[in-house]
Amino acid sequence: MREVIADIEREFMLIGRYKELVATADGAEERRLERSSYILLRRLEVKGPMSIGQLAHAFSLDTSTVNRQTTALLRGGLAERIPDPDGGMARKLRITEQGLRRVDEERTCRLNGLASVLKSWTPQELASFAEGLAHFNASIERAVE
């Protein structure tokens, strides 16, 4: 079992190459979102407005870390602070129209890169891989709750 987990760890380490592979695929590296920005914006896109505390909890990060990351989003016009729609005391962050456009551009780059890497895979291999990743990510979500 330990050997298989070591194999998985190695494969995850090698996935880091993928970022470099697709980062310059279309020469758009200057407009690419940083990984942390993309992840935070995607969460805001999917879940709606969230406080810094909620984002920190969702990603098991310190609030000071999320605060620094969201400050960059606010300065870049990719997110905005709003009053809590539910009437709570904490202000929430909401993705802006510009943020939605940038997330869509980033997602397109990532999808194109993945399509390039996975073009020789069969539909069954793709489905199996997607299922395995979904199961893995669900395990991560349960572990951090």
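Predicted model: local features only at pLDDT ≥ 70, side-chain atom pairs only at ≥ 80, totals over all residues.
We'll start with helix H5, which covers residues 97–117, then move to helix H2, which covers residues 35–47.

**Helix H5**

- H5 is built from 21 residues, and from its first C-alpha to its last it reaches 30 Å, close to the 30 Å expected at 1.5 Å a residue.
- Five names to look for here are Gly99, Val103, Glu106, Cys109 and Gly113, the buried residues of H5.
- Look down the axis of H5 and those buried residues fall within an arc of 125 degrees, so they line one face of the helix.
- Here's the background: an α-helix has 3.6 residues a turn, so residues three or four places apart point the same way.
- Now turn to the face of H5 that points away from its buried side, and you'll find the exposed residues Glu97 and Arg101.

**Helix H2**

- H2 has 13 residues and spans 18 Å from first C-alpha to last, close to the 18 Å expected at 1.5 Å a residue.
- Its buried residues are Ser37, Tyr38, Leu40, Leu41, Arg43 and Leu44.
- What do the buried residues of H2 pack against? They pack against helices H3 (52–59), H4 (63–75), H5 and H6 (123–144), plus strands E1 (79–82) and E2.
- Just after H2 comes Gly48, with a positive phi of about 85 degrees.

**Lys92, a buried lysine**

- Is Lys92 buried or exposed? Its relative accessible area is 8%, and buried means under 20%, so Lys92 counts as buried.
- The side chains of Lys92 and Gln54 make a polar contact at 3.2 Å.
- Leaving aside residues up to four places away in sequence, Lys92 also touches others, including Pro49, Met50, Ser51, Glu80 and Asp84.

**Aromatic rings**

- There are two aromatic pairs in the structure.
- One of them is Trp121 with Phe129, an edge-to-face pair with 5.3 Å centre to centre and 65 degrees between the planes.
- Trp121 has 32% relative accessibility, so this residue counts as partly exposed.
- Phe129, at 38% relative accessibility, counts as partly exposed too.
- Another ring to find is Phe59: Arg43 lies over its face, 5.0 Å from the ring centre.

Key: Residues numbered from 1 in each chain as written. Heavy atoms only, no water. Helix = DSSP H or I, 4+ residues; strand = E, 2+ residues; numbered from the N terminus. Expected span 1.5 Å × (residues − 1). Buried < 20%, exposed > 50% of the residue type's maximum accessible area, 1.4 Å probe, protein only. Arc of directions from axis to C-beta. Phe/Tyr/Trp six-rings, centres within 6.5 Å; stacked < 30°, edge-to-face > 60°. Lys NZ or Arg CZ within 6 Å of the ring centre and 35° of its normal. Polar contact = N/O pair within 3.5 Å; in protein donor to acceptor, adjacent residues only side chain to side chain. Contact = heavy atoms within 4.5 Å.
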